[in-house]
Amino acid sequence: MDLPKTADIVIIGGGVMGASTAYHLASRGVKNILLLEKEQFFGQGATGRCAGGVRYQFSTEINIRLSLISLPMLERFEEEVGQPIDYRQCGYLILLTNPDDVQQFQYNVQLQHSLGVQTDWLPGDEIRELLPMMNLEDVIVGTFHPKDGLADPNSVVMGYINAANRLGATTLGDVEAIKINQESGKIVSVETTAGKIDTPLVVNAAGPWAGMVGRMADIVIPITPLRRQMLTTTPLPEIPSDFPFVIDFAQSLYFHREGEGLLTGMSNPNEITGFDQEVDPDWEIAHLESATMRMPLLEQAGLLSHWAGLYENTPDAHPIIGATPISGFYVCAGFSGHGFMHGPVTGKIMSELLIDGQASSLDISELDLERFESGRLIKEYNVI
Ligand SMILES: Cc1cc2nc3c(=O)[nH]c(=O)nc-3n(C[C@H](O)[C@H](O)[C@H](O)COP(=O)(O)OP(=O)(O)OC[C@H]3O[C@@H](n4cnc5c(N)ncnc54)[C@H](O)[C@@H]3O)c2cc1C
């Protein structure tokens, strides 16, 4: 399809944020929406490389509230959007081995309870009984929420893209935004590898690349890319079908069932900012050593696949959602490694901001871009 010459709204980025925003705008009747994705296919950035985890277990009120709206939207996704997404409520079991984390999690669980999220507090012995295939001698306690779980990121992106298209939105792959033009502090057009589009509104939904897209409009957006990697194994019949999403919090090491095997990932604390998406073989060895200590069954498994992707980190591990000092230029990015699950609610909120001028689903004023200048940071503890 040819690039339109004009659009009412241009969305830059075809990951979960861009796709959800396009769908929610289109479902509110906005017609002339154009979504641009630089890759040939949608959802090949952070979204397509993510672990697919969805959870209520956060340490800040705003993240818990985003989950409280977004996860039920995922539950209703097939009914609303017409696409199955393989949502499995296997629960997240977060293992705590360090007394400082135990103390912080006591606060987190209290906050979750106060907001209606009934996370369970499990003693170490109970966890050892539940997961006899793991080495858990050092686990003090764990937290478990049965409605946390997994969903398929590609199905969510394609569900939103296809539904947005049915409602009249235009979504184009292989088109990269390269310049954003403004006049007297207002957005006027976007230049791309396929030509120029006149538009008064641009949504920067470029995930780990959102800082670069910000620079195209001369706006500093403090989002930095950070490589994270994971792998899947050949079948392990000893892993039960109801195995939860298990996180060894102190090591940022996690496991969940993927097909008949396991998916495991571990965050490298020494990783440096950058756009490299190649698997780091040295870190893979370190990761596998730690993973095998926890899950000795891994010695019997083969490597099925491995890949790396980019977290889109902000200085306080919370997203940036809202307007910028340039009239017509909006940001919806920076979810810092846990944004797939907040894609549904964020797209809805973006549609409210763009159509109504304010968000009615949730007060997201604390997630504004300005907080970094004024020092209003909101630190999230539960970053994996
Ligand atoms: C290894 C890993 C594991 C993760 N695990 C989880 C998890 O379990 N649960 C969870 O909720 N989150 C997880 N995340 C985080 C989650 O993937 C992200 O928060 C979320 O996908 C961000 O979505 P996005 O749409 O903002 O970014 P993206 O999916 O990266 O989409 C941005 C898109 O913009 C495109 N783009 C960039 N620049 C331009 C341009 N100039 N022109 C046109 N297009 C452009 C990119 O190609 C990309 O497709 C994980 C991330 C990684 C890397």
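# Questions on a predicted model

Modeller: The model is predicted.

Colleague: How far apart are the C-alpha centres of the domains, and what makes the contact between them?

Modeller: The C-alpha centres of domain 1 and domain 2 lie 30 Å apart. Six residues from domain 1 and six residues from domain 2 make the contact. On the side of domain 1 that touches domain 2, three residues are nonpolar, two are polar and one is charged.

Colleague: Now the sheets. What is the strand order in the sheet of eight strands, and which strands are its edges?

Modeller: The order is S5-S6-S4-S14-S15-S16-S13-S17, in an open sheet with mixed pairing. Strand S5 (120-123) and strand S17 (303-313) are the edge strands, as each pairs on one side only. Between neighbouring strands of this sheet the turn is 20° on average, with direction ignored.

Colleague: How do you know that S4 and S14 pair?

Modeller: Two strands need at least two bridges to pair. Strand S4 (residues 92-96) and strand S14 (residues 245-248) have four bridges, in the parallel sense, so by that cut-off they pair. Within the pair, Leu95 stands opposite Asp248 in S14. Helix H8 (residues 281-294) packs on this sheet, and S14 is among the strands that H8 touches. The direction of H8 makes about 120° with that of S16.

Colleague: Why are S8 and S18 called edge strands in the sheet of six?

Modeller: That sheet is open and mixed, with the order S8-S2-S1-S12-S19-S18. The twist from one strand to the next averages 15°.

Colleague: What joins S12 to S19?

Modeller: Strand S12 (residues 202-204) and strand S19 (residues 329-333) run parallel and are joined by three bridges. At least two are needed, so they count as a pair. Val203 stands opposite Tyr330 in S19. Helix H9 (residues 343-356) lies across strand S1 (9-12), S12, S18 and S19, and runs at about 170° to S19.

Colleague: Last, the packing of H1 on H6. Is their crossing called left-handed or right-handed?

Modeller: H1 and helix H6 (residues 153-166) pack at about 35°, with their axes 8 Å apart. The crossing is left-handed. This means that the near helix is turned anticlockwise from the far one by less than a right angle. The residues in contact include Val16, Ala19 and Tyr23 of H1 and Val156, Tyr160 and Ile161 of H6. By class, the contact has twelve nonpolar residues, one polar and no charged.

Note on methods: Residues are numbered from 1 along each chain as its sequence is written. This is a predicted model: local features need pLDDT of at least 70, side-chain atom pairs count only at pLDDT 80 or more; totals for chains, interfaces and linings use all residues. Helices (H or I, at least four residues) and strands (E, at least two) are DSSP runs, numbered from the N terminus. Axes are lines fitted to C-alpha atoms, for helices over the stretch in contact, and angles run from 0 to 180 degrees between N-to-C directions. Two residues are in contact if their C-beta atoms, placed from the backbone, lie within 7 Å. Ala, Val, Leu, Ile, Met, Phe, Trp, Tyr, Cys and Pro count as nonpolar, Asp, Glu, Lys and Arg as charged, and the others, Gly among them, as polar. Domain bounds come from an automatic or database domain assignment.
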